[in-house]
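Colleague: Could you take me on a close look at one part of this model, and show me how its pieces sit together? I'd enjoy a connected walk-through.

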Amino acid sequence: MLTTAGSDGAAALPVARVSSLRYFNLYRLLIASVLVALVFGVPGEISFADYRGALFASAARGYWVFAVCVMLGADRLLPTDDARLTAGVLADIFFLTLLTYAGGGLSTGLPFMHVVVLAFAALVGQGRLAVFYAAVASLAMLFQQAMQWVTLGSDAGGFVHVGSISIGFFATAIAVRLLARRVIANESLARERGRDLAEQVRVNERVIRDMDDGVLVVDTLGHVRQANPQARRLLDPLMPRPVMLADYSPALAAAMAAQADPDRERVFVLDLPSRPAALRVRCVPAGGAGGHLVFIEDLARLREQARQIKLAALGRLTASMAHEIRNPLAAISQAAELLQEERRAETQARLTRIIGDNAQRLDRMVSDVLELGRRDRAEPELLELSAYVRTFVDEFAMREPGVRARVHIETGAPASIWFDRGHLHQVLWNLLGNALRFAGPDDGAVRLTVSATEDATQLDIVDNGPGVTDSARAHLFEPFFTTHSRGTGLGLYIARELSDANGATLDFVDNSPGAHFRLRGLNRSLDESWNGGGLSGS
């Protein structure tokens, strides 16, 4: 409504204030026209006491002429909006007071029309001007009453009435001004929030437009409200402009319609004949208003990113291997040189043992690296995990007979896991070997617990050893990180890599009080999980 003080010209006024002034000018012209119509339309019908007809008619006509001039824009001769408002309000007070005097005084009821003028002035005007207008109106009414008392000898009690009306003038001006300030503050806050919201909308649109993935905003009726350039590139829509999802991409609309429970997040794979690789679609409820946000990922791009990450990791692994292999090889070379120089049998035996230990370490390291190379050749199948774990422990015990007593297996209902058989064997071998290395010699020192949830199966491996220190936790799954003098540092790293290759996760949970690792895998195929299908058969 009003935001700047002292701005020059109507062009500087807010649109709302200009509109308010225009409406009040129209109100003034309407009142003046009614008065003129009463005077000249029904002459002789006005019968106020002490009525001065000629003066009343002249005042009404003058008021009407003034209102017409203002409507035609004569007030624009004044330099500022405050000057226009003040001139208009003072003119209203003058004509209404004159009409009151000509009509015979307070009994005409015209003094109360000042209230409308003062309320508007307080609503649109600036600060203390509202009180100034009320003071002018009060003085004008007192002067009018004084003229009535002098010229007509009216009752002096009329001054009391004028005083009461003047109090009403001030009360109206102050109350409306306080209300106007509150309205102005709320309007400023709303404008600020509007600017923030508009900025947030622009930022969101920019983020969606620059995303690598395609994004569609679909309302509850299936209209595509927004689609970024990547969505158009991936979906190759039939229509250039998004209208209905069924028209924009029939295949995507059909796939979304086939999904159960639209109120939950859904992930599925979409094959389009026009694209060489499938798309991964994630459909998320948009919020309380309904509709969906559809994120579309190009699986070819994801595979390429994974390949780049793998190549980078392989480069780091190779560099680390070169460093790690060089140390035992140096020890072997030095021992061999000393062996050639020493001739005592005891020394030869010690050096031979050093050579043998380091050679075995190199052999284990090479075997681990070769196993890591099988990561991308996973052939997952649905395995009954409880039975698999029991068979594995029996096999492990054939190499270390004490294992059968040290390992305690806890299983409940049958639980299946989607895993490559060879990979799962290697993961369990590394995890169980690591647990036995740090566990005590007691029976049941290592606990293997198999459990299942609605869509996943997990295996918890817990030992009674000293646990993992805080400093070592961040490096547990890094290659060549080990806290054991005879370890290669590749066991946990390979176990996690093979788990990832089978869509499973391997995490360190906590010290319980020994180390607690958890292997969590799907109990259905990846496609079934993405499509939200039911469980596969065992």
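Modeller: Let me begin with helix 16, which lies across strand 11 and strand 12. Relative to strand 11, helix 16 runs at about 130 degrees. Please keep in mind throughout that this is a predicted model.

Those two strands belong to an open sheet of 5 strands with mixed pairing, and the order is 7-9-10-12-11. At the edges you will find strand 7 (407–411) and strand 11 (505–511); each has a single partner strand, so one side of each is left without a neighbour in the sheet. Ignoring direction, neighbouring strands here are turned against each other by 20 degrees on average.

Further in, look at strand 10 (residues 456–463) and strand 12 (residues 515–522), which pair in the antiparallel sense over 7 bridges. To find your place in this pairing, pick Asp460: its bridge partner in strand 12 is Arg518.

Helix 14 packs on this sheet too, and it touches strand 7, strand 9 (446–452), strand 10, strand 11 and strand 12. The direction of helix 14 makes about 25 degrees with that of strand 10.

Now for how the two helices meet. Helix 14 (residues 421–438) packs with helix 16 (residues 491–501) at an angle of about 150 degrees, and their axes are 9 Å apart. An angle over 145 degrees counts as roughly antiparallel, and helix 14 and helix 16 are therefore roughly antiparallel to each other. Their crossing is left-handed.

To put the picture together: helix 14 touches strand 7, strand 9, strand 10, strand 11 and strand 12, helix 16 lies across strand 11 and strand 12, and the two helices pack with each other at about 150 degrees.

Notes:
Residues are numbered from 1 along each chain as its sequence is written. This is a predicted model: local features need pLDDT of at least 70, side-chain atom pairs count only at pLDDT 80 or more; totals for chains, interfaces and linings use all residues. Side-chain values use heavy atoms; hydrogens and water are left out. Axes are lines fitted to C-alpha atoms, for helices over the stretch in contact, and angles run from 0 to 180 degrees between N-to-C directions. Helices (H or I, at least four residues) and strands (E, at least two) are DSSP runs, numbered from the N terminus. Angles under 35 degrees count as roughly parallel, over 145 as roughly antiparallel, 65 to 115 as roughly perpendicular and the rest as oblique. A crossing is left-handed if the near helix is turned anticlockwise from the far one by less than a right angle, and right-handed if clockwise. Two strands pair if DSSP finds at least two bridges between them. Contact means heavy atoms within 4.5 Å.
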